[in-house]
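Biologist: I would like to learn how to read a model like this one. Could you take me through it feature by feature?

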Amino acid sequence: IDAGDLKKMEELDKKWSEVENTYTTVSNGKTSLDAFASGIDQALSTYSITDDYKATYETLKKDVEAAQKDCDYEKVSDFQKVIQNLKNDISSVSLDKDYVSADDQKKLDAYSTEVEKYIKEENYAQAVTTLSSWKTDVTALKKTIDDKKAAEQAKAESEAESKRAAESKAAES
């Protein structure tokens, strides 16, 4: 993350619409599965069909019910919320560009690339894991930078105080 320029987060925000579109597709898929299962029930109760077709419909219905049971559509929504919260947490950390080493910058850029890849692959669990690691590293880097700045400021104040004391002593002489 470049200090003040959260370019990678903006890129991730652009990719976010893809995640939302995927969620809509999954939700629509669930609605379609529900309608299909209901249609099978209606067909079996309404029409007189041969035993072979009835067995095929029943097998198909069992497959649809298994698909519905295997797909936890709420998890996608939960992952979206967690991903968005982590993105917000990361973007709220501002890093002073002058204190971010090239290696640290590469590491942060790698996180962005990984997260984008996982979201594109719809591997939300891994995206959350990567975002959590990213947040931890950004927070640690922020603390290191803040500590370094505080030490530099304390040193500068100490040097200024020493200089004032020397000037005061020289003026007394």
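Modeller: Start with the ground rules. This is a predicted model, in which local features need pLDDT of at least 70, side-chain atom pairs count only at pLDDT 80 or more, and totals for chains, interfaces and linings use all residues. Residues are numbered from 1 along each chain as its sequence is written, and side-chain values use heavy atoms, with hydrogens and water left out.

Biologist: What does pLDDT tell me, and what is the average for the protein?

Modeller: pLDDT is the predictor's confidence in each residue, from 0 to 100. The protein averages 76, and 72% of the residues score at least 70. Where pLDDT is low, the predicted coordinates should not be read in detail.

Biologist: Which elements have the lowest and the highest mean pLDDT?

Modeller: Helix H1 (residues 7-46) has the lowest, at 69. Helix H5 (residues 124-172) has the highest, at 86.

Biologist: How many helices and strands does the protein have?

Modeller: Elements are DSSP runs, numbered from the N terminus: helices are H or I with at least four residues, strands are E with at least two. Here there are five helices and zero strands. The pattern along the sequence is α-α-α-α-α.

Biologist: How do I read contacts along the chain?

Modeller: A contact means heavy atoms within 4.5 Å. Take the contacts between residues at least 6 apart in sequence: 82% of them join residues at least 24 apart.

Biologist: Now burial. What share of the residues is buried?

Modeller: Buried means under 20% relative accessible area, exposed over 50%, and partly exposed in between (1.4 Å probe, protein chains only). Buried residues make up 23% of the 173 residues. As for total surface, the protein exposes about 11500 Å², with carbon and sulfur atoms supplying 49% of it. Those areas come from the Shrake-Rupley method with a 1.4 Å probe; for residues, only the protein chains shown count as cover.

Biologist: Please give me one residue to look at. Why does Thr130 count as buried?

Modeller: Thr130 counts as buried because its relative accessible area is 4%. Thr130 lies in helix H5. Leaving out residues up to four places away in sequence, Thr130 touches Tyr111, Glu114, Val115 and Tyr118. Consider Glu114: it is 16 residues from Thr130 in sequence, with 7.3 Å from C-alpha to C-alpha.

Biologist: How many aromatic pairs are there?

Modeller: Rings of Phe, Tyr and Trp (its six-membered ring) pair if their centres lie within 6.5 Å; planes under 30 degrees apart are stacked, over 60 edge-to-face, and the rest tilted. The count by this rule is one aromatic pair. Tyr111 and Trp134 are stacked, 6.2 Å centre to centre with 10 degrees between the planes. The pair links distant parts of the chain, with Tyr111 in helix H4 and Trp134 in helix H5, 23 residues apart. Both Tyr111 and Trp134 are buried.

Biologist: And how many salt bridges does the structure hold?

Modeller: A salt bridge is a side-chain nitrogen of Lys or Arg within 4 Å of a carboxyl oxygen of Asp or Glu. The structure holds four. One of them joins Asp137 and Lys107, whose closest N and O atoms are 3.2 Å apart. That pair links distant parts of the chain: Asp137 is in helix H5, Lys107 in helix H4 (residues 102-120), 30 residues apart. Lys107 is partly exposed, at 44% relative accessible area.

Biologist: Which salt bridge partner does Asp146 have?

Modeller: Asp146 pairs with Lys142 at 3.5 Å, N to O. Both lie in helix H5, four residues apart, about one turn of the helix. Asp146 is partly exposed at 33%, and Lys142 is partly exposed at 27%. Arg164 and Glu161 also form a salt bridge, with 3.1 Å between the closest N and O atoms. Those two are in helix H5 as well, three residues apart, about one turn of the helix.
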